[in-house]
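Here are my notes on the model you sent over. Have it open on your screen while you read.

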Amino acid sequence: MATHAGDVRARAIRTALVFPAGEPAAEVSRAEIALALAGLLFDDVQRRVPMARAYVEDSVQAGHALTFDHGALRTVATDCGELPSGASAFARILEPLGYARVGVYDLSGISMTGYAFCHADLPEAIPQYFVSELHPERFSAKFQDAVASVVGQSHDPLTDHARQILERLSTEGALPFDEARALLPELVRCFDRNHEEPTVEAYETLLAESSEMAWIATEGNAFNHATDRVADVFAVADHQRALGRPIKDSVEVSRNGNVMQTAFRAATTQRLFRTAEGHRVVRDVPGSFHEFITRKTLADGALDLTFDAGNATSIFKMTAGQEAADRQESA
């Protein structure tokens, strides 16, 4: 991680997050690569989300390291140019790192499907990924045309050499240090926007029917949110609210009662758009956010690592903009 992020940033990430202890080895295991990637992506959210950064700084100053539960990202189940369609763009990365798809979640309320990827080696210690796919065919023809104009020419940042390294990692479960070091930045680049900035017209068309797709248009495959696993999400929410921070008014509770989630409202960020005249304009749009989750233990003592479609649908509205989020909470 330090070879990619630099010593100072790597130390900050290791201070902020709980990392499981490992034994020195001649090669870098898939679990170590997965942890390094997760740490860098968590740090990216801090850099883009002021409330996430403030919360993490508070925790570090209090001597408390965060447990990174999961990261969430959005994809589109359609022709994405050089990129594989939908969640398969990330399954090809996560599976060689030791992840398996362990759950499918019906998010039909927002015309999406969610897929949970959990690490086989250390499922409670290595962050999960919640990868959602949007289904454009469930929207209008005009919307589908706008989707194609935005993501249809996406480029793939993963080189042939990186694919070969991933294939070897999938077979052997570990890599020599130099290969692991070379692979990591290529993986990080996949968690970004890999299409051009949208036109104003396309963005407005998408926003009118799906705030989730409009978010993808400006943010791409960056982490929609990163999630801190806490002992008592209700207490954390009350404390953050008392500090005057923009946290969700309610805590979402899963149908089985084992998973409780809330979040800061999405950061506002500035993004470039193309106009019909060929100019570039800037406008404020919803960015990413930081989430909190509490998981209860099952009868066998293991954490309930599942997700809940209702929770996810509600949490996703954090990036719909303040007015839409307020409508969601009052529904």
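1. First, some ground rules. This is a predicted model, in which local features need pLDDT of at least 70 and side-chain atom pairs count only at pLDDT 80 or more, while totals for chains, interfaces and linings use all residues. Residues are numbered from 1 along each chain as its sequence is written, and side-chain values use heavy atoms, with hydrogens and water left out.

2. Let's start with the helix pair. Helices (H or I, at least four residues) and strands (E, at least two) are DSSP runs, numbered from the N terminus. Helix H3 (residues 30-48) packs against helix H8 (residues 177-190) at an angle of about 40°, and their axes are 10 Å apart. So H3 is oblique to H8; angles under 35 degrees count as roughly parallel, over 145 as roughly antiparallel, 65 to 115 as roughly perpendicular and the rest as oblique.

3. Which residues in H3 and H8 meet? From H3 come Ile33, Ala36, Leu37 and Leu40, and from H8 come Ala180, Leu184, Leu187 and Val188. Contact here means heavy atoms within 4.5 Å. By class, this contact of H3 with H8 has 8 nonpolar residues, no polar and no charged ones. Ala, Val, Leu, Ile, Met, Phe, Trp, Tyr, Cys and Pro count as nonpolar, Asp, Glu, Lys and Arg as charged, and the others, Gly among them, as polar.

4. Now for H4 (residues 50-61), a helix with 12 residues. Its buried residues are Ala52, Ala54, Tyr55, Val56 and Ser59; buried means under 20% relative accessible area, exposed over 50%, partly exposed in between (1.4 Å probe, protein chains only). The cover over them includes helix H2 (7-16), H3, strand E7 (225-229), helix H11 (233-242) and strand E12 (289-295). After H4 comes Gly63, with a positive phi near 80°.

5. Ala146 is buried, at 7% relative accessible area. Leaving aside residues up to four places away in sequence, Ala146 touches Ala202, Thr205 and Leu206. Its C-alpha atom is 7.7 Å from that of Tyr203, 57 residues apart along the chain.

6. Last, find Gly173 in the loop between helix H7 (160-172) and strand E6 (174-176). Gly173 is partly exposed, with a relative accessible area of 23%. Not counting residues up to four places away in sequence, Gly173 touches Ser29, Arg30 and Arg168.

Terms used:
Axes fitted to C-alpha atoms, helices over the stretch in contact; angles between N-to-C directions. Expected span 1.5 Å × (residues − 1).
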